[in-house]
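Hello,

Here is the structure I promised to pass on. My notes follow below it.

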Amino acid sequence: MPPQPSQQFRGRLGYACLNTVLRAQQPPIFQSRTCRMATIVQNGVSHAHALGVQNAKDIIPMLHWNEAHNIRFLRLSSEMFPFASHEVHGYNIADVPGAKEVLKEVGEVARRLGHRLTMHPGQFTQLASPRPEVVRNAIRDLEYHCQILDLLGADQDSVLIIHMGGVYGDKPATIARFHENWATVPPHIQKRVVLENDEICYSVEDLLPTCEKFQIPLVLDWHHDSILPSSLPTLDYIPRINAIWHARGIKVKQHYSEGRPGAVTPMQRRAHSDRVVQMPPCEPDVDLMIEAKDKEMAVLGLMRVLG
């Protein structure tokens with residue numbers, strides 16, 4: 001069990017995508033308005049464009065709310081521009097009327113306030129898949145995410161977090177396939193991508209050799225690590241993990257969550273609790289993404305615990 005929180009923590013605490021307070025107000029402020037594919041087919045892609053621009057605009061009041069509450073770390077929604085990375089109905093964000101201007105403003109606000117923005121492409125973005133079409137789709141989806149961060153003018157700290165994915169019946173072969181496919185990922189995307197340990201297939205120990213080989217930063221997820229641990233204590237891997245981040249000139253980020261009360265089995269423990277009640281034994285200057293159901297309220301609650 002992690003020790004009780006230290007009052008020496010100096011990093012940034014963040015939350016993912018949704019601010020529950022702003023989402024509940026009228027009109028709601030949030031960054032994940034979407035639509036059905038049938039709507040785009042029937043009404044044209046301009047409908048998705050309009051949703052995307054409004055999603056991007058709403059990041060600005062989210063940043064100001066966060067600043068007012070001393071939260072300076074936010075994960076942006078992958079759904080910001082609906083279906084932009086779709087194979088058939090996708091589109092270039094730079095061609096969306098108003099998108100470049102709004103994203104530029106978002107980036108300027110974030111930089112002025114000292115806020116870190118990151119993104120986490122979804123579970124289907126798998127570079128190690130044995131299916132070539134899945135790999136192509138993954139690279140196209142990463143290009144979409146990368147374009148958002150580039151249009152923000154975001155620096156190297158704005159990373160794209162992905163998982164290795166499934167094992168497909170042969171974990172060593174899947175890791176080897178990732179190595180092969182990594183060479184096909186454009187360099188500007190490689191600069192953004194980081195790997196996260198998961199709770200089912202790939203532990204820190206599984207990922208670290210790949211991360212060291214290609215200098216891909218590893219995002220340590222403490223909750224995942226508690227469910228799928230490595231052979232050595234977690235703290236033993238920290239120097240090797242941090243060495244990659246430092247060599248790349250990127251500020252270390254980690255994830256923290258806790259299981260729901262009463263969870264016993266690994267499957268039950270996967271679900272995140274509403275709040276977190278303590279800190280992991282992380283170094284005091286990392287940026288820590290709190291993955292809890294209550295989002296920003298969970299971060300504020302942890303800040304109160306930290307004093």
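Asp221 has His255, in strand E7, as its bridge partner. Strands here are DSSP runs (E) of at least two residues, helices are runs (H or I) of at least four, and both are numbered from the N terminus. Strand E6 (residues 218-221) and E7 run parallel, joined by 2 bridges. Two strands count as paired if DSSP finds at least two bridges between them.

Two notes on the source. This is a predicted model: local features need pLDDT of at least 70, side-chain atom pairs count only at pLDDT 80 or more, and totals for chains, interfaces and linings use all residues. Residues are numbered from 1 along each chain as its sequence is written, and side-chain values use heavy atoms, with hydrogens and water left out.

Back to E7. E7 also pairs with strand E8 (residues 287-290), again in the parallel sense, over 4 bridges. There, Tyr256 has Ile290 of E8 as its bridge partner. In a regular strand, side chains alternate between the two faces of the sheet. Are the faces of E7 (residues 253-256) covered or open? Both are covered. Lys253 and His255 are buried on one side, Gln254 and Tyr256 on the other. Buried means under 20% relative accessible area, exposed means over 50%, and partly exposed is in between (1.4 Å probe, protein chains only).

Lys295 sits in the loop between E8 and H12. Its phi is near 50°, a positive value in a residue other than glycine. Helix H12 covers residues 296-306. Its buried residues are Glu296, Ala298, Val299, Leu300, Gly301, Leu302 and Leu306. What covers them? The cover includes strand E1 (13-16), helix H1 (20-24), helix H3 (46-68) and E8. Contact means heavy atoms within 4.5 Å. Just after H12, Gly307 has a positive phi of about 80°.

Some loop residues to check by eye:

- Pro27 is in the loop between H1 and helix H2 (37-43). The peptide bond from Gln26 to Pro27 is cis, with omega near -5°.
- Phe83 is in the loop between strand E2 (73-76) and helix H4 (99-113). Its phi is positive, about 60°, although Phe83 is not a glycine. Phe83 counts as partly exposed because its relative accessibility is 29%.
- Ala183 is in the loop between helix H6 (171-182) and helix H7 (187-190). Ala183 is exposed, at 65% relative accessible area. From Ala183 to Phe214 is 31 residues in sequence and 9.9 Å in space, C-alpha to C-alpha.

Now the whole chain. The protein chain has 12 helices and 8 strands. Its C-alpha atoms fill a box of roughly 55 × 45 × 40 Å along the principal axes. The radius of gyration is 19 Å, which agrees with the value near 19 Å for a compact globule of 307 residues. That radius is taken over C-alpha atoms, and the globule rule is 2.2 Å times the number of residues to the power 0.38. Of the 307 residues, 51% are buried. Among contacts between residues at least 6 apart in sequence, 75% join residues at least 24 apart.

The chain exposes about 13600 Å², with carbon and sulfur atoms supplying 55% of it. Accessible areas come from the Shrake-Rupley method with a 1.4 Å probe; for residues, only the protein chains shown count as cover.

Best wishes
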